[in-house]
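Please read the report below beside the sequence and the 3D view. It goes from a pocket to the sheets and then to single residues.

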Amino acid sequence: MTCRELIRSCTLLATILSISFLLPACNQQKDNGEKTVAFVTNGVDPFWVIAQRGAEKAGEDLNVNVEVRMPPQGVADQKRMVQELLAQNVDGIAISPIDPENQNELLKEIAERSILITQDSDAPESPRQCYIGMDNYTAGRMCGELVKEALPDGGEVMLFVGRLGQANARQRRQGVIDELMDRSHDGSRYDEPGEVIKNDKYSILDTRTDDFDHPQAKANAEDAIANHPNLKCMVGLFAYNPPLCLEAIRDAGKLKEIKVVSFDENEASLQGIMDGTVVGTVVQNPYQYGYESVRVLKALANGDKSVIPENEILHIPARKIRKDNVEEFWTELKSLLGDSAKKDQGQPASESKETGSAPEFSSSEQQKEPQKDE
């Protein structure tokens with residue numbers, strides 16, 4: 001054997017040995033319980049920043065690597081991000097499907113190559129192992145109760161939402177309708193949009209969608225005000241809808257004539273409650289969505305299925321925020337977003353004082369239990 005051949009053989013042997021040492025090291029990292037899970041939202045919004053904080057806190061507490069993805073461009077963007085995560089061999093994905101009926105192939109792909117759970121918006125026909133979030137139908141009925149408080153004598157109501165392809169949007173809308181129509185509790189019911197729905201007190205004129213286009217959302221509100229002079233209440237079912245409705249009402253000079261009822265914890269909506277221009281809002285607990293998603297995914301990745309409820313749904317209660325509890329709630333909210341706000345302002349972030357698990361918002365008015373199983 002020549003000197004050159006000997007050097008080549010030694011180099012090859014060294015390479016093989018280095019690979020043999022690296023592979024056990026990679027496997028050892030898995031054996032030590034370090035998992036990588038992903039939390040995928042349905043868009044970009046301060047709501048999801050709170051959820052991200054919860055997911056990251058769970059990662060710290062439970063020794064899990066957490067990847068958060070927020071698709072800004074809808075279904076195609078969400079699919080691209082999911083496929084990138086699958087290429088990284090993540091151990092599990094918690095996703096809020098944008099259009100579950102038309103994303104079934106993507107959801108199947110997640111379930112085949114990783115672990116699939118849904119959060120915020122469910123896809124019950126998919127092979128997901130569980131859903132984490134509030135009961136959107138019941139929360140919609142809670143929103144309807146706020147409309148009744150705003151208009152005890154009845155009146156014309158208009159609903160506004162990003163899109164009705166999402167299960168959470170359809171369920172919230174139906175909950176509002178059923179509550180105002182004094183119907184029985186039935187989460188499977190669905191009134192097709194486009195027709196006026198009314199009884200002897202309330203008339204739900206229409207449901208306007210905007211596909212997350214904020215200028216269109218405001219234009220929808222302006223059009224409703226211009227074409228329905230007797231409109232008494234505007235209900236925004238996604239976080240950005242109520243502030244844009246409020247802007248349109250203010251521009252039209254009808255703050256005293258048209259009430260606003262909200263969903264979620266947009267700062268403009270909370271300020272409106274304090275100012276008296278918004279009746280109230282139904283809020284979720286996105287921090288706990290993030291925290292619980294990571295906790296459940298880690299357990300499932302370790303083969304522990306005891307974390308999944310018998311009905312495969314982990315409901316996290318919603319609650320109503322009115323003028324009497326908005327200040328307390330807003331303080332809690334700012335405590336969760338404190339570090340993010342300081343970073344935006346160029347200030348150093350303080351160390352988190354939260355330990356152990358997701359904080360429970362104090363509440364005397366949590367989500368009511370359904371009258372029958374859905």
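## The second largest pocket

The second largest pocket holds about 380 Å³ of space. A pocket is found on a 1 Å grid over the protein atoms alone: it is an open set of points with protein on both sides within 12 Å along at least five of seven lines, whereas a cavity is a set of points where a 1.4 Å probe fits but cannot get out. Grid points are joined across faces, edges and corners, and the volume is the space filled by probe spheres set on the points. Of the 22 residues lining this pocket, Asn42, Asp45, Trp48, Phe212 and Tyr240 are the closest to its centre; a lining residue has an atom within 4 Å of a point.

Helix H2 (46-62) and H6 are the elements that give two or more residues to the lining of this pocket. The lining is made up of 9 nonpolar, 8 polar and 5 charged residues. Here Ala, Val, Leu, Ile, Met, Phe, Trp, Tyr, Cys and Pro count as nonpolar, Asp, Glu, Lys and Arg as charged, and the others, Gly among them, as polar.

## The model as a whole

This is a predicted model, in which local features need pLDDT of at least 70 and side-chain atom pairs count only at pLDDT 80 or more, while totals for chains, interfaces and linings use all residues. Residues are numbered from 1 along each chain as its sequence is written, and side-chain values use heavy atoms, with hydrogens and water left out.

The protein has 11 helices and 13 strands. Both are DSSP runs numbered from the N terminus, helices (H or I) of at least four residues and strands (E) of at least two. Of the 374 residues in the protein, 51% are buried; buried means under 20% relative accessible area, exposed over 50%, and partly exposed in between (1.4 Å probe, protein chains only). Among contacts (heavy atoms within 4.5 Å) between residues at least 6 apart in sequence, 70% join residues at least 24 apart.

Strands of a sheet pair through backbone hydrogen bonds, either parallel or antiparallel. Two strands count as paired if DSSP finds at least two bridges between them.

Strand E8 (residues 202-209) has 6 of its 8 residues buried. Strand E6 (residues 155-161) pairs with E8 in the parallel sense over 6 bridges, and phenylalanine 160 stands opposite arginine 208 in E8. Strand E7 (residues 197-198) pairs with E8 in the antiparallel sense over 2 bridges. E7 and E8 form a hairpin with 3 residues between them, and isoleucine 197 has isoleucine 204 in E8 as its bridge partner. E6 also pairs with strand E9 (residues 231-236) in the parallel sense, over 5 bridges; there, cysteine 233 in E9 is the bridge partner of valine 157. Axes are lines fitted to C-alpha atoms, for helices over the stretch in contact, and angles run from 0 to 180 degrees between N-to-C directions.

## The sheet of 6 strands

Another open sheet has 6 strands in the order E2-E1-E3-E4-E5-E12, with parallel pairing. Its edge strands are strand E2 (64-69) and strand E12 (313-315), each of which pairs on one side only. Strand E3 (residues 92-95) and strand E4 (residues 116-119) run parallel and are joined by 3 bridges; threonine 118 in E4 is the bridge partner of isoleucine 95. Helix H3 (residues 75-87) packs on the sheet, touching strand E1 (35-40), E2 and E3.

Is glutamate 179 buried or exposed? Glutamate 179 is buried, with a relative accessible area of 11%. It is found in helix H6 (residues 167-180). Leaving aside neighbours within four places in sequence, glutamate 179 is in contact with Arg141, Gly144, Glu145 and Lys148.

Valine 326 lies in helix H11 (residues 326-344) and is buried at 2% relative accessibility. With neighbours within four places in sequence left aside, valine 326 is in contact with Leu270, Ile273, Met274 and Ile321.
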